[in-house]
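Me: I would like to learn how to read a protein model, one feature at a time. Could we start with a single residue and its surroundings?

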Amino acid sequence: MGIHGLMSYVGEHREFFVDLELKNTNVIIDGNNLYHRLYFDSNLDIQHGGDYDSFTDITHKFFETLTLCSIQPYVVLDGGCDASDKKLTTLKERAQEKIQSAYSLSHGGRGSVLPLLIREVFKQFLTKLQVPFIQSFYEADRDIVSLANHLNCPVLTLDSDFCIFDLKGGYCPLNYFQWRNLCICKDSQDCYIPARCFSLERFCSHFSNMNKTLLPLFAVLNGNDYINLPAIEMFFSKVHLPVGSSRQKGRKHVRIQGLLNWLSRFADPAEAIEDVLKYLNKHEKEETRQLLCTFMEEYEPSNVNLKDFFQNGVYAFEEAKKLELPQWILTALAKGILAPFVSDALVLKRTILHVQVENMQRPSAHAAALPIRQVIYGLLLDASQTLLNSSKKEHTSPTLVFCEFDRIQKALKKSFVQAAALSGHFCGDWYSLTTLNEVPLADRLIFLLETFGVTASILEPIPCQLWLPLAVTCYWTQHSEPRVKLQHMKALLLGIVVGELDKEIHSPGFTMGPLCIDCIMSLNQHPYQRTYSAHLQKCTSFIAAWYI
């Protein structure tokens, strides 16, 4: 979420924070926030497809530093959008902003657009480092709060919503978490990380010992990423907010301080809401009351027991049960094996395709992978429709169309995509989503190759670990626009060779030979080998994960 102007406001008040020497503790990490900060704060490449090697080095150093301080991290990642799709307007606005940033970057200008595969690389590296992580079904904030309070430990993120949540162990903003500045205790020689912890008690004390249960109402009235109530603007136009002696410069900060001072007069949210409603028209009052109460619930901890997931691998989510999704899908989403793209397609039949830096005059790179996405939609639709019919106890015609948001030149556009009609064993009721994970491996391979338009005979002479790269490359050469040229193929093959070489170099007992040195030196002539086919790698992750 994120409350407009609050993070910069509290940042100007040193008295709201407590200095910490963080060591010997658990910590809950907002995964999305962390990989954004690690990438952007390290000034890594964002113009030529990304620098994943450097990113993994930095990520390794970050978690290595936590280990040196005996800090046990638990990483929680955002999932898909909830069934209400209440953030759609905000998500579309952000996607349009990223398109403009990507356009600027493609012309040598400024902007902030993460490389397309950074989230997948981050999850893979967490697995390699054996860092416990979970991907929430929906947005992760409330799950993070619930887990942090279960473990009585701090939360590490950079999200102003965590100034509102009642956290037993506190909230440590990432911009004050000095993990690159490792310190040693003089008495014990233990390592620690200097940090600051936002104190809810100090914050409320500053505003006449305000009841902290009023803070969710403050967040809703002030506005966040998806709350925009026109009636509330009428309230602000009529009420007198006591700003007091303010050193605030910006208009947002003045409004924040005035609203907090005003709310501090009330004993509880119910009393404050009644006073808000006095400023509204009669016909707006009851609806506004209900909306305020509903939005305030977003600042309560979730009922998902993530502690049970990390201890026993069990993921139970009540709302997902109402959707009647099979357990294997829920577990695969929780473990990050399946991307939020899948849950969005399942729950909303709608996806927003990620923006990347490319030539905006040409079709989006996602266009090449459209047939693959249609097959994914077909797999999800065929099974989810069976569940829908059984729950309604009647036959209904399947909805064959999914909605996609993608770039067309410099604008975000909505299109409707027909799900692929599946053939063979995957046609009709032979397999449903409930049993899709039980499909024999041989059938999965056949289906995967058919999706890529590749025959098994092509793969026979090749080591099995290269089957997927070869199949994707064959598909790419057939569907890419503009058409693949020799230099593109050379760059892609060089990237594959370098990847295999890197595995050999880092394997035990490896000795560097003259041929290896020549290969490494040749990389200087090919600085952009990572830029090709990232979009295809992302889109094939669902089918590949299912096949493997």
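Reply: Begin with what a residue touches beyond its neighbours in sequence. Leaving aside those within four places, Asn261 is in contact with Phe207, Pro242, Val243 and Gly244. Keep in mind that this is a predicted model.

Me: Where is Asn261 placed?

Reply: Asn261 belongs to helix α10, residues 251-263.

Me: What share of the contacts in the chain with a separation of 6 or more comes from residues 24 or more positions apart?

Reply: That share is 72%. As for secondary structure, the chain has 24 helices and 11 strands.

Me: What span should helix α20 have, at 1.5 Å a residue?

Reply: Its 13 residues, 467-479, should span 18 Å. The C-alpha atoms at its ends are 19 Å apart, which agrees.

Me: Next, aromatic rings. How is a pair described?

Reply: Two values describe it: the distance of the centres and the angle of the planes. In the whole structure, a search finds 28 aromatic pairs. In one of them, Tyr39 and Phe40, the ring centres are 6.3 Å apart and the planes stand at 90 degrees, so the pair is edge-to-face.

Me: Is Tyr39 buried or exposed?

Reply: Tyr39 counts as buried because its relative accessibility is 0%, and buried means under 20%. Phe40, at 21%, is partly exposed.

Me: What kind of aromatic pair do Phe198 and Phe203 form?

Reply: The pair is tilted, with 5.5 Å centre to centre and 55 degrees between the planes. Phe198 is buried at 4% relative accessible area, and Phe203 is buried at 1%. Both residues belong to one aromatic cluster, whose members include Phe207 and Tyr299.

Me: Last, the surface. Which residues form a nonpolar patch there?

Reply: Leu400, Val401 and Phe416 form one, with about 270 Å² of accessible area together. Leu400 sits in the loop between α17 (370-392) and β10 (401-408), and its relative accessible area of 37% makes it partly exposed. For the chain, the accessible surface comes to about 26,600 Å², and 53% of that belongs to carbon and sulfur atoms.

How values were computed. Residues are numbered from 1 along each chain as its sequence is written. This is a predicted model: local features need pLDDT of at least 70, side-chain atom pairs count only at pLDDT 80 or more; totals for chains, interfaces and linings use all residues. Side-chain values use heavy atoms; hydrogens and water are left out. Patches are made of residues with over 30% relative accessible area and no salt bridge: like charges are joined within 9 Å, nonpolar side chains (Val, Leu, Ile, Met, Phe, Trp, Tyr) within 5 Å. Accessible areas come from the Shrake-Rupley method with a 1.4 Å probe; for residues, only the protein chains shown count as cover. A salt bridge is a side-chain nitrogen of Lys or Arg within 4 Å of a carboxyl oxygen of Asp or Glu. Helices (H or I, at least four residues) and strands (E, at least two) are DSSP runs, numbered from the N terminus. Buried means under 20% relative accessible area, exposed over 50%, partly exposed in between (1.4 Å probe, protein chains only). The expected span of a helix is 1.5 Å times one less than its number of residues. Contact means heavy atoms within 4.5 Å. Rings of Phe, Tyr and Trp (its six-membered ring) pair if their centres lie within 6.5 Å; planes under 30 degrees apart count as stacked, over 60 as edge-to-face and the rest as tilted.
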